[in-house]
Amino acid sequence: MGLLDSEAGKKRLLSIEIPIIERYNLDRDKDYQVKVQRVGGGLVLRYRLKPCHNVYELETRLTSAYPTVPPETRVLTPLKHCPHLLEGQTLCLWRQGSTRAASRWDPAKYTCIFALQAAWRWLACYEVWHETGDWPLPDAR
Amino acid sequence: MDFRPLNTLERRQLVDALRGNAESDRAILMDRQDTSFVGVVDEIPDEEVISAIKSVPCHY
């Protein structure tokens, strides 16, 4: 299924993803709204998060295979090297092994805003780790 | 980025919220305007659903 070039993909966008982005942006300060850009066969969401005192720039990529393939989120703001951070400052959120069955992403339940919220929680953990050296949550089992 | 650290109280509140979210399914609320941490709730009001971070089954 192509996100932008199949009926199922377009339906997903128009009935689920775009409405929830619009709802997220409602009443949100302009600097913190999600901005959507088409890139190739997918979409890139650009936004800022400020879990505590620091503001982070992020992007979440919805590839052409989204939602079957989970969104990929990376932090554009330079970070210190820390746990659960992959190459290119991509956040380790969903992958627990390499198979779809082992992924924690469920396309039937989650949306791109859910991915944004997962990134918020990751950044909150990062802020604690930055000061203490301890990641405040254990690895998921 | 000039990193501004949390003070002790802020860090304690945030850690409690993260652990309550992971272990007890308590939702974390982020500010509607700027996404900053507001607190935790057991029941999410309808108007806050989009700003409430439920327990997320992430890898970490």
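User: What makes a residue buried or exposed here?
Analyst: A residue is buried if 20 or more other C-beta atoms lie within 10 Å of its own, exposed if 12 or fewer, and partly exposed in between, with C-beta atoms placed from the backbone. This is a predicted model, in which local features need pLDDT of at least 70 and side-chain atom pairs count only at pLDDT 80 or more, while totals for chains, interfaces and linings use all residues. Residues are numbered from 1 along each chain as its sequence is written, and chains are lettered from A and ligands numbered from 1 in the order in which they are written.
User: And what share of chain A counts as buried?
Analyst: Of its 141 residues, 33% do.
User: Switching to chain B, what is the strand order in the open sheet of three strands?
Analyst: The order is β2-β1-β3 (chain B) with antiparallel pairing, where two strands pair if DSSP finds at least two bridges between them. The edge strands, each pairing on one side only, are β2 (37–41) and β3 (52–53) of chain B.
User: How many bridges join β1(B) and β2(B)?
Analyst: Four, in the antiparallel sense, and Ala27(B) stands opposite Val41(B) in β2(B).

Terms used
Helices (H or I, at least four residues) and strands (E, at least two) are DSSP runs, numbered from the N terminus.
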